[in-house]
Amino acid sequence: MNIEQLNQEGRELWNQKAQFWDQLHGDAGNRFHRRLIEPSILQLLDLRPGEAVLDIGCGNGALSRRLAELGGSVTAVDYSDGMLDSARARSAGSAHNIDYRLVDATDVDALLRLGLAGFDAIVCSMVLMDIPIIEPIFQASSQLLRSDGRFVFATMHPAFNSNNPVFFHEKEDRDGTMVDRCGIKIHEYIDVQPVKGSGAPGEPVPHYYYHRTFSELLGGAFAAGFVLDGLLEPSFAPEDAETSDYLSWYKLWQIPPVLSGRLRLR
Ligand SMILES: C[S@@+](CC[C@H](N)C(=O)[O-])C[C@H]1O[C@@H](n2cnc3c(N)ncnc32)[C@H](O)[C@@H]1O
């Protein structure tokens, strides 16, 4: 399948699961979003009231609404009608006037029509691993941002969470006491082909994930004129490990499932 076909199939799959996603995330996002993704994005973004911010791949708008609450003037785009319907419905009646638009983020021209040098900041939360090609986002963003603007992203951690990690749970006799040992095994990193993943537990249809090494992930940004000036690797806390769900990220506070970064123009 070529990039266009993969992107089109992705759109159909996101439309199919838009309602499930909306129920899972509600107004403010699921636990992953609230604990790891949003705090790291907000820390790197350091949004000031009145700033114009673009949310690329906004889903049901959980982050867009948070940005609006913080005083941002928010434009939010997604290529899924279903996602945008949820986002608009959840934002209806709120004091914040978020400008939701249907835009395919693989289409540079469509992105550029949002307004050259019109944004102080761009956020792209958990989207880069879902898109067959990321260069258009960086190319367009370099022109959508004002010269001192920033681009903040969160994505699945390339080293630990986008290369089909295998969760394990073992029992070990350590000094006469049986202890649980939980972790992940990684078998590949350099060349991982796009593969459909199950996503969050219960997602109705799997969708493609696009693993990128650190150099592939950031290479497109560097080529578009960005430099990286902030990086966070959020993980759960030791208290989250108090769960009987041994084969989950909650047990692995030593291993970050998410990578968040901030890019600025050179
Ligand atoms: C994992 S969800 C993340 C949603 C939201 N940003 C969040 O952090 O909760 C990925 C989103 O990216 C959108 N998306 C994927 N490919 C896209 C594309 N080519 N153009 C625009 N949106 C896209 C999907 O429709 C979906 O809403």
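Colleague: Which element gives the most to the shell around the ligand?
Modeller: In this predicted model, helix α1 gives the most to that shell, with three residues. The elements that give two or more residues to the shell are α1 (3-16), α3 (31-45) and α4 (62-69).

Colleague: Which residues come nearest to the ligand?
Modeller: There are 23 residues around the ligand, and G57, G59, Y79, A105 and S125 come nearest.

Colleague: How many residues of the shell are nonpolar, polar and charged?
Modeller: The shell holds eleven nonpolar residues, nine polar ones and three charged ones.

Colleague: Turning to the largest nonpolar core, which residues touch the most other members?
Modeller: A105, I122 and V123 do, in a core of 60 residues. Strand β5 (residues 145-156) gives the most to this core, namely six residues.

Colleague: And what does V123 touch?
Modeller: Leaving out residues up to four places away in sequence, V123 touches I41, L45, V53, D55, L63 and V152.

Colleague: A new topic: which residues of α8 are buried?
Modeller: In α8, which covers residues 214-223, the residues L217, L218 and A221 are buried.

Colleague: Why are they on the same side of α8?
Modeller: They cover an arc of only 75 degrees around the axis, so they lie on the same side of α8. On the other side of α8, S215 and A223 are exposed.

Colleague: What covers the buried residues of α8?
Modeller: The covering elements include α7 (135-144), β10 (226-232) and β11 (258-265).

Colleague: Which residue with a positive phi follows α8?
Modeller: That residue is G225, with a phi near 105 degrees.

Conventions: Residues are numbered from 1 along each chain as its sequence is written. This is a predicted model: local features need pLDDT of at least 70, side-chain atom pairs count only at pLDDT 80 or more; totals for chains, interfaces and linings use all residues. A residue is buried if 20 or more other C-beta atoms lie within 10 Å of its own, exposed if 12 or fewer, and partly exposed in between; C-beta atoms are placed from the backbone. Helices (H or I, at least four residues) and strands (E, at least two) are DSSP runs, numbered from the N terminus. The arc is that of the directions from the helix axis to the C-beta atoms. Two residues are in contact if their C-beta atoms, placed from the backbone, lie within 7 Å. A residue is near a molecule or strand if its C-beta atom, placed from the backbone, lies within 6 Å of it. Ala, Val, Leu, Ile, Met, Phe, Trp, Tyr, Cys and Pro count as nonpolar, Asp, Glu, Lys and Arg as charged, and the others, Gly among them, as polar. A nonpolar core is a set of buried Ala, Val, Leu, Ile, Met, Phe, Trp, Tyr and Cys residues joined through C-beta atoms within 7 Å.
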